[in-house]
Amino acid sequence: MSKSITIEGREIPLDKEGYLRNLDDWSPAVAEYMATSEDIDLTEAHWEVLRLLQDFYRQFELSPAMRPLVKYVGQQLGADKGRSIYLMQLFPPSPARVASKIAGLPKPTNCL
Amino acid sequence: MSQVTLVIFRRSPYGSSLAREGLEAVLAAAAMDQTPDVLFMGDGVFQLMSGQAPQQIEQKSLYRNLQALPMFGVERIHVCRQSLEVRGIHKDTLALPGMELELARDAGALISRYRHVLSF
């Protein structure tokens with residue numbers, strides 16, 4: 001099953017769960033579209049986490065599940081943000097899955 | 001015995017999919033709060049070497065993936081000393097940031113301490 005979205009005049013293929021097929025297709029406009037489909041209004045607090053997720057992916061070449069995401073955010077943004085409740089408020093109902101999608105990363109493989 | 005599960009990596013990083021499957025098993029278990037201990041032995045020690053260039057065979061870097069282990073709660077790995085010696089690999093060339101590397105003199109004794117052993 002294939003679908004695609006058209007953003008800024010580009011046709012962007014998605015997989016059946018709505019993740020980007022090609023990570024290079026990501027742009028802030030794509031993130032806005034993905035966020036809208038998850039009923040999320042992106043604020044600076046969201047962008048901060050999204051950028052961090054992309055850093056994580058560049059560093060380790062994988063998408064983090066919840067626990068490593070919490071740990072990484074805690075290390076990079078401070079302990080008050082490195083808590084699951086904070087990430088749950090930003091990216092309900094499943095921060096690792098939802099934020100990975102908006103950041104243009106693959107679904108966390110170990111997200112069972 | 002604080003841990004009940006040991007995951008053993010025995011194969012070279014890209015010769016088969018076993019190295020990747022093993023890592024996925026560790027990450028999945030860790031995400032479920034069942035972080036296992038890990039042991040690299042045999043050709044598995046090659047997984048710990050930097051300078052892997054998997055782009056040429058369109059694979060992701062296993063070495064980079066392994067560096068995510070501390071994020072998943074695996075901060076110490078066991079490495080079979082004899083496996084390094086017979087391959088002429090010096091411990092200091094196996095630098096994994098954020099991870100403590102413990103040489104196992106007697107891999108058999110180490111393995112026997114665990115109730116469950118997964119071998120990849």
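This report describes the two chains of a predicted model, first each fold and then selected residues.

Local features need pLDDT of at least 70 and side-chain atom pairs count only at pLDDT 80 or more, while totals for chains, interfaces and linings use all residues; side-chain values use heavy atoms, with hydrogens and water left out. Residues are numbered from 1 along each chain as its sequence is written, and chains are lettered from A and ligands numbered from 1 in the order in which they are written.

## Chain A

Chain A has five helices and two strands. Helices (H or I, at least four residues) and strands (E, at least two) are DSSP runs, numbered from the N terminus. The order from the N terminus is β-β-α-α-α-α-α. A compact globule of 112 residues would have a radius of gyration near 13 Å, and chain A agrees, with 13 Å. That radius is taken over C-alpha atoms; the globule rule is 2.2 Å times the number of residues to the power 0.38.

Ten residues of domain 1 of chain A are in contact with eight residues of domain 2 of chain A. Contact means heavy atoms within 4.5 Å.

## Chain B

Chain B has four helices and five strands. From the N terminus on, they run β-α-β-α-β-α-β-α-β. The radius of gyration of chain B is 13 Å, close to the 14 Å that the globule rule gives for 120 residues, so chain B is as compact as a globular protein of that length.

## Chain values

The table lists like quantities for each chain. Buried means under 20% relative accessible area, exposed over 50%, partly exposed in between (1.4 Å probe, protein chains only). Accessible areas come from the Shrake-Rupley method with a 1.4 Å probe; for residues, only the protein chains shown count as cover.

| Chain | C-alpha span along principal axes | Buried residues | Accessible surface | Carbon and sulfur part of surface |
|---|---|---|---|---|
| Chain A | about 40 × 25 × 25 Å | 47% of 112 residues | about 5600 Å² | 50% |
| Chain B | about 40 × 35 × 25 Å | 46% of 120 residues | about 6100 Å² | 46% |

Now the contacts by sequence separation. In chain A, residues 24 or more positions apart account for 46% of the contacts with a separation of 6 or more. In chain B, 77% of the contacts between residues at least 6 apart in sequence join residues at least 24 apart.

Charges come next. Lys and Arg count as positive and Asp and Glu as negative; His and the chain ends are not counted. The place of a charge is NZ of Lys, CZ of Arg, CG of Asp or CD of Glu. Chain A carries 13 positive and 15 negative side chains, with the centres of the two sets 7 Å apart. Chain B carries 12 positive and 12 negative side chains, and the two centres lie 3 Å apart.

## Backbone features

Most residues other than glycine have a negative phi, and most peptide bonds are trans. Some sites in this model depart from that pattern.

Glu8(A) has a phi near 55 degrees, a positive value in a residue other than glycine. Glu8(A) sits in the loop between β1 (3–7) and β2 (10–14) of chain A. With 60% relative accessibility, Glu8(A) counts as exposed.

Glu58(B) also has a positive phi, near 55 degrees. Its loop runs between β2 (37–40) and α2 (62–66) of chain B. Glu58(B) is exposed, with a relative accessible area of 75%.

A cis peptide bond joins Pro92(A) and Pro93(A), with omega about -5 degrees. Pro93(A) is in the loop between α4 (84–90) and α5 (95–102) of chain A.

## Two buried residues

Ser27(A) lies in the loop between β2 and α1 (28–37) of chain A. Ser27(A) is buried, with a relative accessible area of 11%. Not counting residues up to four places away in sequence, Ser27(A) touches Glu8(A) and Arg10(A). Glu8(A) is the positive-phi residue described above.

Ala30(B) belongs to helix α1 (residues 18–31) of chain B. At 1% relative accessibility, Ala30(B) counts as buried. Leaving out residues up to four places away in sequence, Ala30(B) touches Arg67(A), Thr35(B) and Phe72(B).
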